[in-house]
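Keep the model open while you read.

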Amino acid sequence: DVSASTPVLTLVSDASNSINFIKGLFTNNDALYICSGNEIRKSFLTATLPDTPTVIIANEDYEDSNNGTPFYANFRDVITYDGYAYMTLRSQGLIVRAELPVNSPCEGSGSVINEFATGLTYVGTVAIKDNDLYAASLSGLSKFDLTTKAETTIYFASFNEYVFDFVISGI
């Protein structure tokens, strides 16, 4: 609570044993979605704190490697909209989509990951407004129609420039 004269930090999740390599966070009403390595975990802001987030989506399809050792690629950002989670896989140049499990408390609840947008250079942050998904990448800022997947370049980054983050008014 930052409005208190002596601010108090309350842990939303028990990060000591359940979360690693956090990159993206997204809240939707009471739900908190966390990019934790190759997993998307879900917690609730009104849960008894600290809470242990549940794995709802796991990347078991796309790989990276570290010094020749393969591992499942880590998600960089997540956003939810209309029953789906949209996640970025930076090294693969992908935005992937998975249907959100409904009332499923089980880990890795079987959501299938599908490619939504491909060919992006070092894709990172995503946001959604109306029926459009916006994505920052090494190439600049793109907008994708959620229905047709049609891409429109909003901003083309010049040499030695990278769009890391952005804010869309009204969201």
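Isoleucine 40 touches Tyr33, Ile34, Cys35, Thr54, Val55, Ile56, Ile57, Phe75, Val78 and Met87, leaving aside residues up to four places away in sequence. Contact here means heavy atoms within 4.5 Å. This is a predicted model: local features need pLDDT of at least 70, side-chain atom pairs count only at pLDDT 80 or more, and totals for chains, interfaces and linings use all residues. Residues are numbered from 1 along each chain as its sequence is written, and side-chain values use heavy atoms, with hydrogens and water left out.

Ile40 belongs to the largest nonpolar core, which has 18 residues. Such a core is a set of buried Ala, Val, Leu, Ile, Met, Phe, Trp, Tyr and Cys residues joined through side-chain atoms within 4.5 Å. Buried means under 20% relative accessible area, exposed over 50%, partly exposed in between (1.4 Å probe, protein chains only). Ile40, Ile57, Phe75, Met87 and Val96 have the most contacts inside this core. Strands β2 (31-36), β4 (54-58), β8 (84-89) and β9 (94-99) each give two or more residues to it. Strands are DSSP runs of E, at least two residues, numbered from the N terminus. A second, separate core has 13 residues, among them Tyr86, Leu120, Ile128 and Leu146.

Now the loops. Asparagine 29 lies between β1 and β2. Its phi is positive, near 55°, though the residue is not glycine. At 74% relative accessibility, Asn29 counts as exposed. Asparagine 67 sits in the loop between β5 (63-66) and β6 (69-72). Phi of Asn67 is also positive, about 55°. Asn67 is exposed, at 78% relative accessible area.

Terms used: Helices (H or I, at least four residues) and strands (E, at least two) are DSSP runs, numbered from the N terminus.
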